[in-house]
Amino acid sequence: MLEGLQNAAKIAELRRRLIFTFALLGVYRVGVAIPTPGIDGKALAAFFQQASNTVFGLVNLFSGGALERFSIFALGIMPYISSSIILQLLTVVVPALERLSKEGELGRRKITQYTRYGTVGLSLLQGFFISMGLEQIQAPGGSSVVFHPGWGFRLMTMITLTSGTAFIMWLGEQITERGIGNGISLIIFAGIVASVPSAMTTTTEFVREGELSILVLLLILLVMVAVVAAIIFMERAYRRIPVQYAKRVVGRRVYGGQSSHLPLKINTSGVIPPIFASSVLIFPATIASFADHPWAQAVAGALAPGSLVYNLSYVALIIFFCYFYTAVVFNPVDVADNMKKYGGFIPGIRPGRPTAEYLSYVLSRLTAPGSGYLGLVALIPMVAIGLVGASQQFPLGGTSVLIAVGVGLDTVKQIESQLQQLNYEGFLR
């Protein structure tokens, strides 16, 4: 690992990309500390301390603590993710969007533009409901968290939060284009990692005060290490589909006649399903939490992290998005056509449609254990913490660990590929 970092520092282009990525992530962390005007920060912090085990705690985790401070980045990147989900779902059912998605780079840019518009709309909607809910929230001491309630505060909050989300969206796109890794995933990763030191400090205080025994703490750490090891093993596991290329004569030269393989990952969708599932659950739960109505409060309670409805819905959404996103990123028909075009075939399988059907069958069989693994990783830490009676402030949320490890592996893999292109030894051997 250290040798790989030294090699990365020797390459000017890679060094520039790494510095650019860290610089923009630093800008994001600075923005998290800038509060939204008109809010009593101490009263709001006292409220979130009591609501750490509700949906507010989950949103606060993904925003890197921005919601607790109610900073200009309080909404985080979740509106952008929700908009991406909506556009991808519409691409499947709306013929015009489906044709647009097949037009190459131009179509992709058009869909990205629609995603940005949707992000702004969702941010305005969430900002409006949050501003109305904040006017009704009282701190444990009875003081209001809003200094001057009214439409002035609501409009200012809507504009501030929407601008913050749009800026985060721009940061993510810049990191993806000019930095290293996926910018949106790295921003979520930075928010999760930033919450670990304070959570570790809180856990240490629990041990000192006797609320958490050393044995229970060691048990939780053991579970966390096992979960991280399982994530690394599953994220690097794949099935090799043998591919044979027939010999082709082009002019006086003979090409082909080689054996290769098509690697299919067990978890083709990566960390996208838990991110999408969290976003889908967070959006209605956030609005319901701030609405002053009995049915809205019932919905907010049912979707609180750790509840039975939340856990079942979360696992079901993870499985759905595993299959959905795998179908989006891997098209068996296109892969089979490309193999046939270059004279490739799977031994025992006829080229063309039979190859596409075989790849689809194998991929569906691989996605089943992959989606089950993601669901288990999301639930096991939560169940373990509930059984031992530890506080959920301990940094062992299945979603956060999965995203942190998955994004870290993907980023290292991108650095590794660039190092290997220049004949340097990378991180992995």
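The legends below describe close-up views of a predicted model. Local features need pLDDT of at least 70 and side-chain atom pairs count only at pLDDT 80 or more, whereas totals for chains, interfaces and linings use all residues. Residues are numbered from 1 along each chain as its sequence is written, and side-chain values use heavy atoms, with hydrogens and water left out.

View A. N267 is found in the loop between β4 (259-265) and α13 (272-290); helices (H or I, at least four residues) and strands (E, at least two) are DSSP runs, numbered from the N terminus. With a relative accessibility of 1%, N267 counts as buried (under 20% relative accessible area; exposed is over 50%, partly exposed in between; 1.4 Å probe, protein chains only). Beyond its neighbours within four places in sequence, N267 is in contact (heavy atoms within 4.5 Å) with E235, Y373 and L374.

**View B. The aromatic pair Y28 and F73.** Rings of Phe, Tyr and Trp (its six-membered ring) pair if their centres lie within 6.5 Å; planes under 30 degrees apart count as stacked, over 60 as edge-to-face and the rest as tilted. The count by this rule is eight aromatic pairs. Y28 and F73 are stacked, at 5.8 Å centre to centre with 10° between the planes. Y28 belongs to helix α2 (residues 12-32) and F73 to the loop between α5 (66-69) and α6 (78-93), so the pair ties together parts 45 residues apart in sequence. Both residues, Y28 and F73, are buried.

**View C. The aromatic pair F320 and F321.** The ring centres of F320 and F321 are 5.1 Å apart and the planes stand at 65°, so this pair is edge-to-face. F320 is partly exposed, at 41% relative accessible area, while F321 is buried at 3%.
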